[in-house]
Amino acid sequence: MIQRIRRLGRRGCDLFEALGRAGLFLCQSAVGVPSREGVYLWVRQMHFVGVLSLAIVLVSGLFIGMVLSLQGYTILVDFGAEDALGQMVALSLLRELAPVVAALLFAGRAGSALTAEIGLMKATEQLTSMEMIGVDPLRRVVAPRLWAGFVALPLLTVGFGVVGIYGGYLVGVDWLGVFEGSYWSNMQASVDFIDDVGNGIIKSLVFAVVVTWIAVFQGYDLVPTSEGISRATTRTVVYSSLAVLGLDFVLTAMMFGGLA
Amino acid sequence: MKRSKTMELGVGLFMLAGILGVLFLGLRVSGLAMQAPSDTFRLEANFANIGGLKPRARVTMAGVTVGRVAAIELDTDWYDARVVLEIDDELEGHLSKDTTASILTSGLLGEQYVGLSVGGDPETLSDGDALRDTQSALVLEELIQQFVSNMVSD
Amino acid sequence: MSDTPFVVVEGLHFARGDREIFRGVDMTIQRGGVTAIMGPSGSGKTTLLKLIGGQLLPDSGRVLIDGQDVHRQSRRDLFTMRRRMGMLFQSGALFSDLSVFENVAFPLRVHTDLPEAMVRDLVLMKLEAVGLRGARELMPAELSGGMARRVALARAIALDPELILYDEPFVGQDPISMGVLVQLIKRLNQALGLTSIVVSHDIKETLSIADYVYVVADGRVMAQGTPEHLDVDRDPRVSQFVHGEPDGPVPFHYPSLDFVSDMLRTGDSR
């Protein structure tokens, strides 16, 4: 019994130590003035993290918008309220689905790649050798990736939302025959730029920080073996998905749930 | 370091697309209009009951949107609701003093909005004036109660 | 060339978790020579290099490089100090997203403001020294192990360091590239007046280029001396290592129970 409690205690200590390490890591690498070279490295990572994730995010957004529209229509038509379709599609996309689904896709597509890439650099001693050359890998390798993630995910989320609303329009208006004017005007009457679009973007910013942070830290902190890399990649996806869903609840409660 | 022009172009386009996306969400989806906040004027109206009226609800006249609800607060002198309306500037000096405001519902389940209808008074309303003649929101429970008590008294 | 030692290691203690890796290591490494550190696998030779390079912090003891304590430097000073050191990693550790040319140019670009033409000249010079000028446009993934190590060597000498640390330079090389590397280390040491520390367990190759040898085992320096002196040393551990005998003072068996009693413990499935 005492042994179990002790083991629990040790787990707790380990957890807090890891959290502390991760926090320190974030501060050391994300803060600082970028050099010209740093800006270029950031552009490169934006390409890997952002541009290359664009296809999967947009295609998913289109399909989710279409499904929402289809499902929403079958329910709303029972109440004769199919005019509110645009409102339903836009609100559910902007408030919830775009930030959350884009973040989950981002964790799977870009987060795991970041972990594996940095992990491989660690396993092949590239990080150590960089340090020996006198270059801080936190600034050279980690910082551009972190900032690329911070910027890319909100942009991807916006893309997801736009494409999703358009997908909803395709199904609702072109296929199911909702009146086009009411699709847009109902949407415009109910969507508020600050409350809905703004809060959605704030959500995706928070998710961007958390997912990129987890991915990069898992890569930097892993055991440098092939098994370590595969474990860390899995951990990145699991932890960031859980963090995104959990934080989503907290953020939603704060933004829309009347909790100040 | 070798700088790939296509990569830079790709990232640039990506960021541009993101900004355009935000614009789309602002203009097309949330219906933000590019207008300065100065070209509205304010009117006040007291309602006995506002039902489910929310700030930023539409204010219409003959079905045309002419403004928005700016604020809703409790008037502690009369214990009723004071609603501040922001009305398009071009209507200033055209609404008669006896204009009525009523809280209406769009459709059976739709959102609530304020409808204005003009009276015949030659004097007109200007910024900060109050609307005297108001009609509260219909509250379903009260309607039913009235209906039932009428039945009983008959 | 002065007679003051370039690197001094004093009373170094280092433990990883519960395992003590070093229990008081002392070394003096002379300027301008090739010093070999040898020892069986797992004796912490690479750890020792990392301690010298300032990547790990010892539990006690100190490392002086040119009179400066490596572990008492601020992060900034340590990075400045590392410009005077080159390190060749076991795997080469080339940056996989940069070409051979860019890998060698990397230290020059981050530490100097040289014009592009000069960087090019310097890089080609270093690549010429390792015989890979023709391979400059290749990516690290396209290189063989030996070539990767030579590129890494070119990168390590890009800034003309005073001290160069080799971590297992001969491991996993075919005889030809092994010979090339041996030649290169020796030639570079003479041509550039470097101080070299070679960590290795390839006895023949290492002894052929070393001026002085330390044998590390069991957390201590077990033997030291010039290659000629070392061979005749009669410490049984050193002799086992140098002659490559499978069993001896360094046991063949991992520490365990007596074999018979272990077999007879039938109650416990493990």
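Predicted model: local features only at pLDDT ≥ 70, side-chain atom pairs only at ≥ 80, totals over all residues.
What pattern does chain B follow, read along the sequence?

Figure 1. Along its sequence, chain B follows the pattern α-β-β-β-β-β-β-β-β-α. Its radius of gyration is 23 Å, well over the 15 Å that the globule rule gives for 154 residues, so chain B is more spread out than a compact globule. The C-alpha atoms fill a box of roughly 90 × 40 × 30 Å along the principal axes. Of the 154 residues, 30% count as buried.

**Figure 2. A salt bridge between B:Glu44 and B:Arg82.** The two side chains meet at 3.9 Å, N to O. B:Glu44 belongs to strand S1 (residues 40–47) of chain B and B:Arg82 to strand S4 (residues 80–88), 38 residues apart. B:Glu44 is partly exposed at 31% relative accessibility, and B:Arg82 is partly exposed at 22%. Both take part in a network of salt bridges that also links B:Glu73 and B:Asp75.

**Figure 3. A salt bridge between C:Glu10 and C:Arg62.** Their side chains come to 2.9 Å, N to O. C:Glu10 lies in strand S1 (residues 7–16) of chain C and C:Arg62 in strand S4 (residues 60–65), so the pair ties together parts 52 residues apart in sequence. C:Glu10 is partly exposed, with a relative accessible area of 32%; for C:Arg62, also partly exposed, the value is 36%.

**Figure 4. A patch of positive charge on the surface of chain A.** A:Arg4, A:Arg6, A:Arg7, A:Arg10 and A:Arg11 gather here. A:Arg4 sits in helix H1 (residues 2–30) of chain A and is exposed, with a relative accessible area of 61%.

Methods. Residues numbered from 1 in each chain as written. Chains lettered and ligands numbered in written order. Heavy atoms only, no water. Patch = residues over 30% accessible without salt bridge, like charges linked within 9 Å, V, L, I, M, F, W, Y side chains within 5 Å. Areas by Shrake-Rupley, 256 points an atom, 1.4 Å probe, with all protein chains shown as cover. Salt bridge = Lys/Arg side-chain N within 4 Å of Asp/Glu carboxyl O. Lys, Arg positive; Asp, Glu negative; His and termini not counted. Charge placed at Lys NZ, Arg CZ, Asp CG, Glu CD. Helix = DSSP H or I, 4+ residues; strand = E, 2+ residues; numbered from the N terminus. Buried < 20%, exposed > 50% of the residue type's maximum accessible area, 1.4 Å probe, protein only. Rg over C-alpha atoms; globule rule 2.2 N^0.38 Å.
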